[in-house]
Amino acid sequence: MKIPFNDFASPYQELKVELDGAYTRFMQSGRYVLGQEVEAFEQEYAAYCGTKYCVGVANCLDAMHLVLRAWDIGPGDEVVVPSNTYIATWLAISHAGATPVPVEPDARTYNLDPHRIEAAITSRTKAIMPVHLYGQPADMDPVMEIANKHGLKVLEDVAQAQGAAYKGCRTGSLGHAAGHSFYPTKNLGAFGDGGAVTTNDAGLADRVRLLRNYGSKQRYYNEVIGYNSRLDELQAAFLRVKLRHLDEWNERRAKIAAIYLAQLPTAGCQLPTVPAWAQPVWHLFVIRHPQRDALQQKLAAAEIDTLIHYPVPPHLAGAYAGRYAADTLPLAEHLAATVLSLPLGPHFSEAQAAYVSDQLC
């Protein structure tokens, strides 16, 4: 049985009628940039996340960068960020001109450890950026308590966690603002790139709208130095279709994760830990194994595709060469050497999950 890591064909086949209808509606509209599809999606996605506002932008990196810019966070400022995350979280801080200050994760959940945050806060700290990694929400209550205590902003990275819940509240509504990704592999993925900001702050939403569109509210009148970072109108039309199916597809992911959790305890690997307050959406099912590379080769021989999220922690990437010494973030480095993502998705069958489990055990 050949098991691909991602299945890009099945989502279109399942939703073909709805997606083709969205395409036709878009083509007939005659409005292709920041039109009614983006406006409608922003309203629908804000309602889904439980926030007052959503602003569509080009991608999640831009979403987080524009929020930091809107908060006037820049050179000389510091932002607390997980040491274990995709580098885009760090890049958003660097693009704003601020300095990422990495904090190690909770060894059980791989998310930012709230107990380590206060030791990283200085007089230059302006914000905390928790990441809901692999589709599991970070522990947000203590993060918000620390932020309120020190007068800091909290920007959630929801790139991998659309629909996940923390104590009954959806990710994207837990901090002061949140950045979202609609990259095709995400739980809510477009057929191209895309992103969004969600927030309950009207002033912030207005500022991000200004920044995403050349710093202009009225054409040719540019109030600030802005950017060109707009959610594509066609992708918004497609996202409106897929948003209606997101909860069902997340439930399908959970069923596959349940099979792995039930069948893999004897496989000699460390399985994901889910706290009682978390409702993950299983963007990724990440195990840990001391002989990760050998295990990946074994699975490849059985025609099972796996991926490593992520083989190089941000502080060791060439982009940050010389800024952070090796061995200063040992947990992030250990995770990078031991994590392995198993195939999982809304169109992944129980038979496929059983086959992967059999090959691991």
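What volume does the largest pocket have? The exercises below work up to that and beyond. This is a predicted model, where local features need pLDDT of at least 70, side-chain atom pairs count only at pLDDT 80 or more, and totals for chains, interfaces and linings use all residues. Residues are numbered from 1 along each chain as its sequence is written, and side-chain values use heavy atoms, with hydrogens and water left out.

**Exercise 1. Describe the largest pocket: its volume and its lining.**

Step 1. The volume is about 860 Å³. A pocket is an open set of points on a 1 Å grid over the protein atoms alone, where a 1.4 Å probe fits, with protein on both sides within 12 Å along at least five of seven lines. The volume is the space filled by probe spheres set on the points, and points are joined across faces, edges and corners.

Step 2. The lining holds 44 residues. Lining residues have an atom within 4 Å of a point. Nearest the centre lie Y183, P184, T185, K186 and H283.

Step 3. Sort the lining by class: 25 nonpolar, 13 polar and 6 charged. Ala, Val, Leu, Ile, Met, Phe, Trp, Tyr, Cys and Pro count as nonpolar, Asp, Glu, Lys and Arg as charged, and the others, Gly among them, as polar.

**Exercise 2. Find what lines the second largest pocket.**

Step 1. This pocket has a volume of about 240 Å³.

Step 2. Its lining residues include V33, Y214 and R230.

Step 3. By class, 3 are nonpolar, 4 polar and 3 charged.

**Exercise 3. Examine the aromatic pair of Y45 and F182.**

Step 1. The whole structure has 14 aromatic pairs. Rings of Phe, Tyr and Trp (its six-membered ring) pair if their centres lie within 6.5 Å; planes under 30 degrees apart count as stacked, over 60 as edge-to-face and the rest as tilted.

Step 2. Y45 and F182 are edge-to-face, at 5.4 Å centre to centre and 80° between the planes.

Step 3. Check burial: Y45 and F182 are both buried. Buried means under 20% relative accessible area, exposed over 50%, partly exposed in between (1.4 Å probe, protein chains only).

Step 4. Widen the view. F41, Y45, Y48 and F182 form one aromatic cluster.

**Exercise 4. Classify F191 and F238 by accessibility.**

Step 1. F191 has 35% relative accessibility, so F191 counts as partly exposed.

Step 2. F238 has 11%, so F238 counts as buried.
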